[in-house]
Amino acid sequence: MNIPEDLLYTDHDEWIRVEGNVLTIGISDFAQDQLGELVHVELPEVGSELGAGDMACEVESVKAVAEVYAPVAGTVVAVNEDLEDEAEKINEDPYGSWIFKLEIDGAVEGFLDATAYAAKVS
Amino acid sequence: MSLRRTPFHAHHVAAGARMVPFAGFDMPVQYRGVKPEHLATRGAAGLFDVSHMGEVRVTGPKAEDSLMWLLSNAIRRLQPGGAQYNALCNEAGGVVDDVFVYRLAADDFLVCVNAANRAKDFAWMTEHDRHGATFVDEGDAWAQVAIQGPRAVDIVRALCDDEVAGLKRHRFVSRDLLGVKGVLVARTGYTGEDGFELFLPLPGQEDAVAAVWPALLELGQPHGLTPVGLGARDTLRLEAGNCLYGHELSDDTTPLQAGLGWITKLRKPGGFLGADAIEQRRHTEERVLVGFKGASKRIAREGMKVLVDGAEVGVVTSGTLGPSVGAPIGLAYVAPSVAEVDTELTIDVRGRMAPAHVVPTPFIRGS
């Protein structure tokens, strides 16, 4: 199971890259493995404002659907449109295949580091 | 309750298959992935462990009469060495199970039933028999594998002989093969492809049967044979427009509603259990099964509502992204007024509206 050290993780198996006040968000290697072959990502709309814990989008595999949540409140400032036609890129490279970017005001607190996340999913 | 294991269980685990509970068995849902396994079956050949399926042996001088009454199709026209699809119905015309009947001899039938319905079917048949056949639950006595796909015939030719490879669809023969005696090799299947199903008798030769799985993979390897789990079995059957019990078929659904009029012989001599109710219900059907294809990328799943002009007209029974179709597909029960091909439907996919239209089934034409 690939769990990069430089990312944060949520209890719902999203990964977060923090760069200033912009969060880049995707789903973890564990999540993509659990879901199986992804066939569709319903991307959020750029400009939409999300509260902490709001559903941002859905990722759908051959056999299941999972919701992806905004880890903190913010505004969607970018989405990875490449995934619209190639959702399977998330399976191939879950940490290279970001889903959306969120501009935030508040602090990024209470998430798991790689060690804690590894313990959770092991 | 611990899960049961098929004779090939250890091979699935050793191959790294993802195992799931299904009808009381620990079964492989996928080996490499649903899509590659699906496409390998359509493009070459797939090997399926279907040993979880149940078998009921029906024998005796009254066996034909008994099955004529219990089952919907023309059992009397089934010759020894032939197989026939049937519905087992209740008094209200609902489907107790959909079954495949193999006639071994004039007074000897093997009825292949859905795994989850094994106990229900056996009880139903014994309780509703009118003629005095002998029913034996042989679910533990048979292993079953399916070899499906355009190259299946080459594999079976290598395994057996030209006579077996030349079997017509829905015919079968008995052979000793790979050290197993009395294997029924049938040109039947569930994937929409040409293919064969092997019924392997277990008693007294369990070890030889267990060795069949790796032997078939080795023999089939030059022909592209790949192991396939239940995940791709479902996407394959759905593309082929085949009903799955518990989804399209239930105790409340008549075979006519499910589009199985071709196996429902309402006017056969003596009738059959449920025929009168089916005849009555056919004129007032409130719903009928249709295939649909989605126009967006949203995948309709079982239980989602079907709408026309904002009004609810039905419900999805099965849905997936068809790996060979390349689009979302599914089956749904809808009002007869919106069942015509090309009718525009909307499917409520978790609050988002997905456009779709009625299409003929099967969704694909296989080998």
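Guide: A residue counts as buried if 20 or more other C-beta atoms lie within 10 Å of its own, as exposed if 12 or fewer do, and as partly exposed in between, with C-beta atoms placed from the backbone. This is a predicted model, in which local features need pLDDT of at least 70 and side-chain atom pairs count only at pLDDT 80 or more, while totals for chains, interfaces and linings use all residues. Residues are numbered from 1 along each chain as its sequence is written, and chains are lettered from A and ligands numbered from 1 in the order in which they are written.

Visitor: What percentage of the residues in chain A are buried?

Guide: Chain A has 122 residues. By the criterion above, the buried share of chain A is 41%.

Visitor: What radius of gyration does chain A have?

Guide: The radius is taken over C-alpha atoms, and the globule rule is 2.2 Å times the number of residues to the power 0.38. For 122 residues, a compact globule would be near 14 Å, and this agrees with the value for chain A, 13 Å.

Visitor: How many helices and strands does chain B have?

Guide: Helices (H or I, at least four residues) and strands (E, at least two) are DSSP runs, numbered from the N terminus. Chain B has 19 strands, and its helices number 10.

Visitor: Why is chain B as compact as a globular protein of its length?

Guide: The globule rule gives 21 Å for the 367 residues of chain B. Chain B is as compact as a globular protein of that length because its radius of gyration is close to that value, at 20 Å.

Visitor: Which strands of chain B form the closed barrel?

Guide: Two strands pair if DSSP finds at least two bridges between them. In chain B, pairing in the barrel is antiparallel, and neighbouring strands are turned by 45° against each other on average, direction ignored. The six strands run β14-β17-β16-β15-β18-β19.

Visitor: Which residue of β16(B) is the bridge partner of B:K305?

Guide: Strand β15 (residues 305–308) of chain B runs antiparallel to β16(B), and four bridges join them. In β16(B), the partner of B:K305 is B:V315.

Visitor: Which elements of chain B each supply at least two residues of the side that touches chain A?

Guide: Residues are in contact if their C-beta atoms, placed from the backbone, lie within 7 Å. Seven residues of chain A and nine of chain B take part. On the side of chain B that touches chain A, the elements that each supply at least two residues are α2 (34–43) and β16 (311–322).

How values were computed. Two residues are in contact if their C-beta atoms, placed from the backbone, lie within 7 Å. Axes are lines fitted to C-alpha atoms, for helices over the stretch in contact, and angles run from 0 to 180 degrees between N-to-C directions.
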